[in-house]
Amino acid sequence: MLLVLAGGACFVGIVVARQGPPAGGDTAPLTAVTSALADGHLHAAAADDGLPNPPGYALLVAPLVAAFPTWVGAPAWCTQPGRADGLRAQTQYAHDPAFGTDVGECGSPRRLADGDLAPSLPPWYRAQGVLGIVGWIVLAAGGLVLLRAGGADTPARMAALVVLLAFLPAASSAVVQLFHPQDMLSLGLALLALAQVLRQRFVAAGLLFGAALLTKQYAVLLLLPALAVAPDGRTRLRLAGAALVLFVAGLAPFFASAPRATIENLSGFSAGGAVSGATVLSLAGWSTTVVSAVARDVPVVFALGVCLWAYARRGAWLQRPEALLALGLACVGSRLVFESVIFPYYLLATSVVFFLLDLVAQRSPHRSLAWSAGAAFFVAVHPGNQAVNAVGTLAFAFLAVAAGLIEANRLSSADKDVARDAAARVQPTVA
């Protein structure tokens, strides 16, 4: 608890230093759905197709908005002075006499749709923006519980994990770049689920995976490795069944109220296709719809193939915590291979799972830290050339997938060597 509080304070400090979450972008549709649910307007929440995500985040935080409407209930907030200074340099605002009002700068009146002026919006820490911190808390809890389940919960490793989560640029970017706390929340729930898999609590794991899937679709890339390491068909059924039950139960009211918007949000096509970015896939020149389908579906197919390969080589090695995390790393890393655009917070899942793999394997995390720094260089720093960015990003994506596959293959080969040695020792006795 002390580690989480200390790490959370550092994380909040970084978010404040980075001027908090943005007032625009993906913020508006996410907070609109949350506010609608908090006010009891299910149809308005279900029909909002402005953000291609399932409604899990809004479902989980809407009770907080309803309980504390004065403190965290505002769906919009003002633009911090630092962000406003960045906007002031843009051409359309260079000679704007009403700049503060037009960009909603803190302390300036805001302009309503009818042209009238109203009082300034609250700052992000007095609005729903502060709820982004909840996602970080769940992420930290998930990582620490997974460390304990993997038998690697020494004080040094726990502190190292919290420090990484507090200072990892991909984590703070999930709040301050486009306001995507659902990415942290979903990953945290998935890590909690993986911990329950290691503890052989498959129903609990399934329920947590269901909540993770209901929050962000990419959680399926961690569910598949969990199914691969389950000891038998019965436990797989319990795991998958519990996840499906919770997922369907959470999505059913939205589907009943607005089926088309719900399906579009779940499929990821409601925003009109993929955004073009500095990746090899986007440079190929395909249509945004095709690229979006590749980005959404091919990683799942690849992850399924990886898990089938692991199942074909099943043995005692699959029950080791490192095996689960190695397969998870290969699967979440594949998302970066096939994306059309990679924002810094897209690196979050791969960075955290890679680091956890090193900690659970009880070795120095220099590889995972080097990977996080190198990937961030091409994704966040931008060398300046789009083709260089794309090739560099793809190379680091391949490195993450390869690291997971190599670790899984090493564990499998070591398991076979042990079995062969045991058989060799027994053979003379039998003779």
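In the predicted model, helices α8 and α11 are roughly parallel to each other, because their packing angle of about 20° falls under 35 degrees. Helix α8 spans residues 132-149 and helix α11 spans residues 181-198. The axes of α8 and α11 lie 7 Å apart, and the crossing of this pair is left-handed. On the α8 side, the contact is made by Gly132, Gly135, Trp136, Val138, Leu139, Ala141, Gly142, Gly143, Val145, Leu146 and Ala149. On the α11 side, the contributing residues include Pro181, Met184, Leu185, Leu187, Gly188 and Leu189. Further along α11, Leu191, Leu192, Leu194, Ala195, Gln196 and Leu198 also take part in the contact with α8. By residue class, the contact of α8 with α11 comprises 17 nonpolar and 6 polar residues, with no charged residues.

The crossing of α1 and α9 is right-handed. Helix α1 contributes Leu3, Gly7, Cys10, Phe11 and Ile14 to the contact, while helix α9 contributes Met158, Ala159, Val162, Leu165, Ala166 and Phe167. The residues of this contact divide into 10 nonpolar and 1 polar, and no charged residue is included.

Rolling a probe the size of a water molecule over the atoms shows where empty space is left. The count comes to 4 cavities of 30 Å³ or more. The largest cavity has a volume of about 220 Å³. This largest cavity is lined by 20 residues, of which Val33, Asn53, Pro54, Pro55 and Asn265 are the closest to its centre. Two or more lining residues come from each of the helices α2 (27-38), α3 (42-47), α4 (56-67), α14 (233-257) and α15 (259-267). In composition, the lining of the largest cavity consists of 13 nonpolar, 6 polar and 1 charged residues.

Definitions and conventions: Residues numbered from 1 in each chain as written. Predicted model: local features only at pLDDT ≥ 70, side-chain atom pairs only at ≥ 80, totals over all residues. Heavy atoms only, no water. 1 Å grid on protein atoms, 1.4 Å probe; cavity = no way out; pocket = protein on both sides within 12 Å on 5 of 7 lines; lining within 4 Å. Points joined across faces, edges and corners; volume = space filled by probe spheres on them. Helix = DSSP H or I, 4+ residues; strand = E, 2+ residues; numbered from the N terminus. Nonpolar A, V, L, I, M, F, W, Y, C, P; charged D, E, K, R; others polar. Left-handed = near helix turned anticlockwise from the far one by under 90°. Contact = heavy atoms within 4.5 Å. Axes fitted to C-alpha atoms, helices over the stretch in contact; angles between N-to-C directions. Parallel < 35°, antiparallel > 145°, perpendicular 65-115°, else oblique.
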